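Some comments on the packing and the surface of this model follow, as numbered points.

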Amino acid sequence: MSRTLEASTTRAADDAPPLQHLLHHWRDYYELTKPGVVALMVFTAVVGNLLASPGSLPWNALIVGNIGIALAAGSAAAINHLVDRRVDARMKRTQGRPLPTGHLRTAHASVFAGTLGISGLALLYFAVNPLTAWLTAGSLMGYAFVYTLFLKRATPQNIVIGGAAGAAPPVLGWVAVTGSIDPHALLLFLIIFTWTPPHFWALAIHRREEYASVDIPMLPVTHGDRYTRWQILFYTVLLVGVTMLPFATGMSGPIYLIGALALGARYLWFGYALLARPEDRSLPMRSFGYSIVYLMALFAVLLVDAYLPVVLAPFIG
């Protein structure tokens with residue numbers, strides 16, 4: 001009886017005027033944007049903003065630019081929901097999403113995704129600068145179509161190649177301020193690009209059977225659990241090496257170096273533990289959780305290193 005009532009209520013809301021429909025389903029639309037992922041992307045974009053102009057706050061890029069980046073990222077996430085809706089319905093992790101449950105219609109989600117994308121790119125083009133808009137458009141297309149439609153189902157290296165789209169936000173934030181691509185911005189891109197495989201493969205190990213059941217060739221499915229754990233360790237070692245580049249190139253100072261080494265040591269421990277203790281079923285998700293904390297903390301340390309001298313300058317004289 002309750003399901004019948006819920007279905008009737010949902011149909012009535014779907015047939016309501018657009019504004020009323022949006023208000024009724026706002027939580028479902030919000031979930032379509034993958035807010036946690038978008039928040040992390042916007043955070044790295046903000047770091048790109050602030051590192052591009054230490055000592056000053058680029059308000060236009062900081063506010064308007066990141067609204068545009070967030071809208072475009074939300075659009076890409078919604079397109080991902082649309083493309084994967086049938087697969088999502090068969091996976092425990094995703095079967096409660098708005099499209100598999102029928103809370104939203106495909107047509108409504110498509111209009112929502114398109115509106116977000118067009119609005120975000122227009123805002124960046126006309127209110128920030130065209131280069132930021134074009135780069136954001138390339139990132140959106142790369143994630144929503146190249147990765148989701150093709151790479152995800154074509155190769156176990158899907159997350160390695162597709163990681164380029166997710167690594168773009170700090171570059172977008174930097175370009176929003178300067179209007180040009182700087183080598184230091186590309187270092188931030190390289191850090192996230194290298195971070196993405198060990199971050200996601202830990203989740204893929206935990207969800208290996210689910211990915212196998214829907215024929216998505218994630219690395220643990222195609223090459224096995226142990227091989228994936230070796231790859232996680234290899235990429236983690238590579239990541240720690242890459243995070244030394246901002247210090248080696250003079251982009252950052254000793255505060256960043258100490259923070260990066262401390263954070264990297266903990267991440268390396270997870271990489272080693274995943275390989276040495278395969279019987280510990282909690283480790284993949286613990287590694288996955290730490291990887292998010294790691295990236296946020298690493299970028300926060302970048303900011304502290306850049307801005308602490310600016311804050312202390314008046315006191316030092």
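1. Helices here are DSSP runs of H or I with at least four residues, numbered from the N terminus. On that basis V304 belongs to helix α18. The model is a predicted one.

2. V304 is partly exposed, because its relative accessible area is 41%, a value between the 20% and 50% limits. Together with I255, L308, V311, L312, F315 and I316, V304 makes a nonpolar surface patch of about 670 Å². Which helix gives the most to the nonpolar patch? It is α18, with six residues.

3. The largest nonpolar core numbers 57 residues. L51, I191, W195, Y294 and F299 have the most contacts inside this core. Elements giving two or more residues to the core include α4 (35-52), α9 (130-154), α12 and α18 (283-316). Another core, of 15 residues, lies apart from it; A78, F112, A113 and A144 are among its members.

4. For I191, leaving out residues up to four places away in sequence, the residues touched are L239, V242, T243, P246, Y256, L295, L298 and F299.

5. T196 sits in helix α12, which covers residues 183-206. Is T196 buried or exposed? T196 is buried, because its relative accessible area of 10% falls under the 20% limit.

6. Beyond its neighbours within four places in sequence, T196 contacts I159 and G163. T196 and I159 are 37 residues apart along the chain, and their C-alpha atoms are separated by 7.2 Å.

How values were computed:
Residues are numbered from 1 along each chain as its sequence is written. This is a predicted model: local features need pLDDT of at least 70, side-chain atom pairs count only at pLDDT 80 or more; totals for chains, interfaces and linings use all residues. Side-chain values use heavy atoms; hydrogens and water are left out. Buried means under 20% relative accessible area, exposed over 50%, partly exposed in between (1.4 Å probe, protein chains only). Contact means heavy atoms within 4.5 Å. A nonpolar core is a set of buried Ala, Val, Leu, Ile, Met, Phe, Trp, Tyr and Cys residues joined through side-chain atoms within 4.5 Å. Patches are made of residues with over 30% relative accessible area and no salt bridge: like charges are joined within 9 Å, nonpolar side chains (Val, Leu, Ile, Met, Phe, Trp, Tyr) within 5 Å. Accessible areas come from the Shrake-Rupley method with a 1.4 Å probe; for residues, only the protein chains shown count as cover. A salt bridge is a side-chain nitrogen of Lys or Arg within 4 Å of a carboxyl oxygen of Asp or Glu.
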